[in-house]
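Visitor: I have the file open. Can you walk me through the helix packing and the charged pairs?

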Amino acid sequence: MPKQIDINEVVTGFRFLLTETFESVQGFSAYLDKGTSLFETLADISAEGASQPMGNCATIAAHVAHTTYYLQVLEDRMFGRDLSYVNWNQIWEEVSSVSQAEWDQMLADLRTTYERIKRHLDKADQWEGINELSSMLGIIAHSAYHLGEIRQMMCHLAT
């Protein structure tokens, strides 16, 4: 008989990785240094810095907008909602420079969306299968990727 993992154990792992990726390292680190989570990183970036072009690459503002959008899309995927609206290129084409008010709103939107995603873990015992699990894994991996991109871009802000 195959061994099954209790959903509560899966949720604990997801919550640990989400917290480290977005909020802060808690005790033992899975992959980040202390002080390098997404929210900690973004706290040190101004609207001007977030708007700074990096050659032909997207701005930090675009990465933040994309991360929020990605969280929303994967949330919809988790629950079998309509995904016909998805346009992965739109943010990359439209978001570049932002005002301080726009930057503040972007950060607030990211945090609100993240908090909503975290709350879905509280109802994991009602999940029906692979969409929820793979979407949550995708959220963690994809958000960690964009965190890495943003941290690399920060090297250019100091010059």
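Guide: Start with α4 and α7, whose axes come within 10 Å and cross at roughly 180°. That makes the two helices, α4 and α7, roughly antiparallel, since an angle over 145 degrees counts as such. Bear in mind that this is a predicted model.

Visitor: What classes of residue make up the contact of α4 with α7?

Guide: That contact has 11 nonpolar, 10 polar and three charged residues.

Visitor: How many residues does α7 have, and how far does α7 reach?

Guide: Helix α7 covers residues 130–157, which is 28 residues. From first C-alpha to last, α7 reaches 40 Å, close to the 40 Å expected at 1.5 Å a residue.

Visitor: And which residues of α7 are buried?

Guide: Among them are Glu132, Ser135, Met136, Gly138, Ile139 and Ile140. Further along α7, the buried set includes Ser143, His146, Leu147, Ile150 and Met153.

Visitor: What do the buried residues of α7 pack against?

Guide: Their partners are α1 (7–22), α2 (38–42), α4 (60–78), α5 (88–94) and α6 (100–120).

Visitor: Back to α4. How many of its residues are buried?

Guide: 17 of the 19 residues in α4 are buried, so the helix is mostly covered by the under 20% cut-off. As for length, α4 reaches 27 Å from its first C-alpha to its last, close to the 27 Å expected at 1.5 Å a residue.

Visitor: Switching topic: at what angle do α1 and α6 pack?

Guide: The angle between α1 and α6 is about 170°, and their axes are 11 Å apart. The pair α1 and α6 is therefore roughly antiparallel.

Visitor: Which residues meet there?

Guide: From α1 there are Arg15, Leu18, Thr19 and Phe22, and they meet Leu110, Tyr114 and Lys118 in α6. By class, the contact of α1 with α6 divides into four nonpolar, one polar and two charged residues.

Visitor: What does the side chain of Arg15 meet in a salt bridge?

Guide: Asp122, at 2.9 Å from N to O. The pair links distant parts of the chain, with Arg15 in helix α1 and Asp122 in the loop between α6 and α7, 107 residues apart.

Visitor: How accessible are Arg15 and Asp122?

Guide: Arg15 counts as partly exposed at 29% relative accessibility. Asp122 is exposed, with a relative accessible area of 54%.

Visitor: And what about Lys118, which salt bridge is that side chain in?

Guide: Lys118 meets Glu115 in a salt bridge of 3.8 Å, N to O. Glu115 and Lys118 are three residues apart in helix α6, so about one helical turn separates them. At 26% relative accessibility Glu115 counts as partly exposed, whereas Lys118 counts as buried at 16%.

Visitor: Which residues are linked with Glu115 and Lys118 in a network?

Guide: Glu23 is: Glu23, Glu115 and Lys118 are linked in a network of salt bridges.

Visitor: Last one, the start of the chain. Where is Pro2?

Guide: Pro2 lies in the segment before α1. The residue Pro2 is exposed, with a relative accessible area of 67%.

Visitor: How far is Pro2 from Ala50?

Guide: The C-alpha atoms of Pro2 and Ala50 are separated by 49 Å, and the two residues are 48 residues apart along the chain.

Notes. Residues are numbered from 1 along each chain as its sequence is written. This is a predicted model: local features need pLDDT of at least 70, side-chain atom pairs count only at pLDDT 80 or more; totals for chains, interfaces and linings use all residues. Side-chain values use heavy atoms; hydrogens and water are left out. Helices (H or I, at least four residues) and strands (E, at least two) are DSSP runs, numbered from the N terminus. The expected span of a helix is 1.5 Å times one less than its number of residues. Buried means under 20% relative accessible area, exposed over 50%, partly exposed in between (1.4 Å probe, protein chains only). Contact means heavy atoms within 4.5 Å. Axes are lines fitted to C-alpha atoms, for helices over the stretch in contact, and angles run from 0 to 180 degrees between N-to-C directions. Angles under 35 degrees count as roughly parallel, over 145 as roughly antiparallel, 65 to 115 as roughly perpendicular and the rest as oblique. Ala, Val, Leu, Ile, Met, Phe, Trp, Tyr, Cys and Pro count as nonpolar, Asp, Glu, Lys and Arg as charged, and the others, Gly among them, as polar. A salt bridge is a side-chain nitrogen of Lys or Arg within 4 Å of a carboxyl oxygen of Asp or Glu.
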